[in-house]
Amino acid sequence: MAWTRYLSAASLGLAMLASASLEAARPVAWPDVQYDASVPSFEQVLGYAPGGVISSHAQTRQYFDALQSARPEQVRIVPYAQSWEGRELYYVIIGSAAHMARLDSIQADLQALADPRKTSATQAKTLIEKLPGTAWLSYAVHGNEISSTDAAMMTAYHLLAAERDADVKEILDNTLVFIDPLQNPDGRDRFVNAFRETQGLIPDTDRYSAEHDEPWPNGRTNHYHFDMNRDWIALTQPETRGRIEALLSWYPLVFVDLHEMGSDSTYYFAPETVPFNPHIDAAQRNKLTWFGQNNARWFDQFGIDYFTREIFDAFYPGYGASWPLYYGAVAMTYEQASVRGLEVRRRDGEEISYAESVRNHFLSSVSTIQTVARNRAAMLNDFYDYRQSAIEAGEKGPWRSYIFSGQPDPSAAQKLAALISRQGVEVQQATAAFKACGKEYPAGSFAIDLAQPSHRLARTLLDPDVALDSNFVAEQERRREKDLPDEIYDVTAWSLPLMFNVDMDRCKQALRGNFVDASQDWVRPGSFNATDNGEKAVAYLAPWGTQAAARLLTQSLRAGLTVKSTDKAFVKSGREYPAGTLIFSSADNPENLQQQLRQLGSDTGADIVAVANTWVEEGPNFGSDHVQTMVAPRIALAWDEPTFAPGQTRYVLERQYGYPVTPIRTDALRRADLSRYQVLILPETRGSYSSALGESGVQRLRQWIQAGGTLITLGNATRLLAQSNLGLSDLQRERAWQSEATNKLAKAAESNKKPTVTGTRLESSDALRQHLTPLSEGPDNVAGVLANTQRDADHWLAAGLPQALTVLLRGNEVYAPLRLDQGSNVLFYQGADDILASGHLWEENRLQLAYKPYLTIEPKQRGYVIAFTADPNYRAYLDGLNVAFINAVFRAPAHAAVVH
């Protein structure tokens, strides 16, 4: 029975300004299937057929609640997280009544199978004989990739209402199905609301119509503008944290992340394209073909076009379709051409409907589960073997143990340990000092024994570098030579110790000592050191340079405490205190200062030292001009067009450091009174700030800076500063470096544009390549590498920063260093031989970036202009740069020559 077209009214209960006639398709996927009338259909519960309406979060939950009520013996809804906007996330377990009756036992058996150290091969064989296969289908991590959520509902309906069908019976007899119908409810409802506001009498197929043209920031991201399909290794968002905890409680054998892509495409499913991460094993890659072939069989039956082995790779581990691979699953991405509404016209003139896109994801969903059912025993056996081989790889590999002692930032080390532990990596903490590989480590150090089932995940997350396949790199260089875009899909580096600025050692031996399982707490209480002999404290000191100290600063300012900070290091009572150290004077604060600081230290993890006098042996005294009184700045953040993901910076300040931010739409910045703000942050952009602000807005911004404001630009927002005609900064953006001969040719070509040119003879392919080289262009785009920088220790903006910092370099932003009479290059890239910390960096970029600035500051009368030439808050996983960013936001206003 084929899909047929029909007109239906919009469902009852939709909050729409007008009813709309919606063209949809009746959902029939398997030939001659008969649906059980006792299972509620879309029409009965929601008032429309699948594909007739783009279902909201509430409607989706309404339908799954109805299924659970109708078949409680086969359906269980399990909440796992709550979004920032208060929407519940949940997964749905569907299985036969027999499997559901022993759900707890199945879960315990899967946990046993996941640890070959506790479960012998013989015991595993017994478990495999009785365990069902498991398939986890995740839908709509990007909220505006809409078809998959309705397909999730149809998949559930099909499994319950068509259980007499031979294919469905095979699935239920052999498989437990987990459906996560809506991974990003905030983003989806943002899309749905915008779509319904623009909906007309009939669906509009013009992709430029308002109903297809989402307003900023669109529904792709969550509340804080995070692409949650990149968050799996960082766990910054509650949705991701809850999802990973749920997965680790079940270890599903197969994980599929269902997406959408451009409207002019068709349908994509595995196998994926190169490059593959080298920590993915051959058996996992081979199984991709099983799923691809079965999907192809069903797509062929329905005459649906598809493609494989293109575009979507499996190198970066932070995708939903990558991360589960490292506990032993088979993980895949499916992509459907998006309608972004109810109907759309492709560029070839063909019109596709939302119902068709729902159907396609429905087909691939059921086909995937069918493949699991038919390969149940093999997949369970391979999962056990994967976990066993991971242990063996750790025992026989080049490194047995990884150790990080907490230097230079113990609070960052604690967060790193918690982060990888929450992902299933076994992390231990030393309760006493120990020695390993010829080095002494203090109590509190963290250790990872790589002989564990999560060996491959630990290596992927912690290794300094994960190499791209050499053949793939060679192909990208060939493409680059012809000025073709590279095929690198995402960043090529993500080493967590480097991004957290935590020193990690690798050791070839198993560790001996006293260890306990590390805590999964993000923050551990700090230490409070009272004065000797119980003397009254005249002040309290908090050494600067850690995430914990930065949290203490923000929370102390919010609590109304008076905080001072030194621009230079000092020595007191034989202890060295770094530049930036916080000083809380008892005379300047309430009588209960000690009580408040004890609580703040516990909450933030900061170390606090009480002192009975203010005498220092070296460095500035507390009354020196080198000691600044910190202010509680009012922070404005550019919002709306043309900004890109400003919520990530807002998240860092609000959720990681507990400090409020005021988002101001860029259009309002043309006329806004900024005098009440001390800091304005311009996040990255996908447009032009100069166009958005206009001449009057730029003038107001310039006057505000000169009156004492601090302007901070992030990443490509710094291009605004490089427009010399605006008078905001002396920074200059560089074009790609060219040889002197090429530069002469470029100048000659510019000044001698004529219909004909002097004839030449090209006598080799090398001469042709030289002739084809563009005479003037920007540096090549870098997908994402980790790069080494070093600091100018003499500047107060570098307070508390280590001598070297690792940053994420992406894009093609290169700026000339500021002269000494213009400002300071506070952080700058290391030399060409040392700049690359991890990832793949084009040779020309490596040479040109050497010693170029990453962080600059320019005094402008009473205020400052601060530029990060790459975004320190990108994806909020560059924790090692937090102190540098906090310095810019909080130390600059304290130095600004303005009365607060």
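**Reading the model together**

Author: Let's start with Gln-699, whose place is in helix H21 (residues 689-706). Keep in mind that this is a predicted model.

Reader: Zooming out, how many helices and strands does the protein have?

Author: There are 25 helices and 36 strands. The radius of gyration is 29 Å, close to the 29 Å that the globule rule gives for 900 residues, so the protein is as compact as a globular protein of that length. Its C-alpha trace spans about 85 × 80 × 65 Å along the principal axes.

Reader: What share of the residues counts as buried?

Author: Of the 900 residues, 60% count as buried.

Reader: What about contacts: how many of them join residues at least 24 apart?

Author: Take the contacts between residues at least 6 apart in sequence: 79% of these join residues at least 24 apart.

Reader: Now charges. How far apart are the mean positions of the positive and negative ones?

Author: The protein has 85 positive and 106 negative charges, and their mean positions are 2 Å apart.

Reader: How should I read individual charged pairs?

Author: Side chains of opposite charge can pair when their charged atoms come close. This structure holds 52 salt bridges. Take Arg-374 and Asp-167, which form a salt bridge with their closest N and O atoms 3.6 Å apart. This pair links distant parts of the chain, 207 residues apart: Arg-374 is in helix H11 (residues 354-374) and Asp-167 in helix H7 (residues 166-174).

Reader: Where do Asp-382 and Lys-287 sit in the chain?

Author: Their side chains meet in a salt bridge at 2.7 Å, N to O. Asp-382 belongs to helix H12 (residues 376-396) and Lys-287 to helix H10 (residues 282-302), so this pair also links distant parts of the chain, 95 residues apart. Asp-382 is partly exposed at 26% relative accessible area, whereas Lys-287 is buried at 5%.

Reader: What does the salt bridge between Asp-833 and Arg-846 tie together?

Author: Those side chains meet at 3.8 Å, N to O. Asp-833 lies in the loop between strand E33 (824-829) and strand E34 (836-838), and Arg-846 is in helix H24 (residues 843-849), so the pair ties together parts that are 13 residues apart in sequence. Asp-833 is exposed, with 75% relative accessible area, but Arg-846 counts as buried at 17%.

Reader: Which residues do salt bridges with shared partners join into one network?

Author: Look for Glu-145, Arg-220, Asp-227, Arg-230, Asp-490 and Arg-875, which are joined into one network in that way.

How values were computed. Residues are numbered from 1 along each chain as its sequence is written. This is a predicted model: local features need pLDDT of at least 70, side-chain atom pairs count only at pLDDT 80 or more; totals for chains, interfaces and linings use all residues. Side-chain values use heavy atoms; hydrogens and water are left out. Helices (H or I, at least four residues) and strands (E, at least two) are DSSP runs, numbered from the N terminus. The radius of gyration is taken over C-alpha atoms; the globule rule is 2.2 Å times the number of residues to the power 0.38. Buried means under 20% relative accessible area, exposed over 50%, partly exposed in between (1.4 Å probe, protein chains only). Contact means heavy atoms within 4.5 Å. Lys and Arg count as positive and Asp and Glu as negative; His and the chain ends are not counted. The place of a charge is taken as NZ of Lys, CZ of Arg, CG of Asp or CD of Glu. A salt bridge is a side-chain nitrogen of Lys or Arg within 4 Å of a carboxyl oxygen of Asp or Glu.
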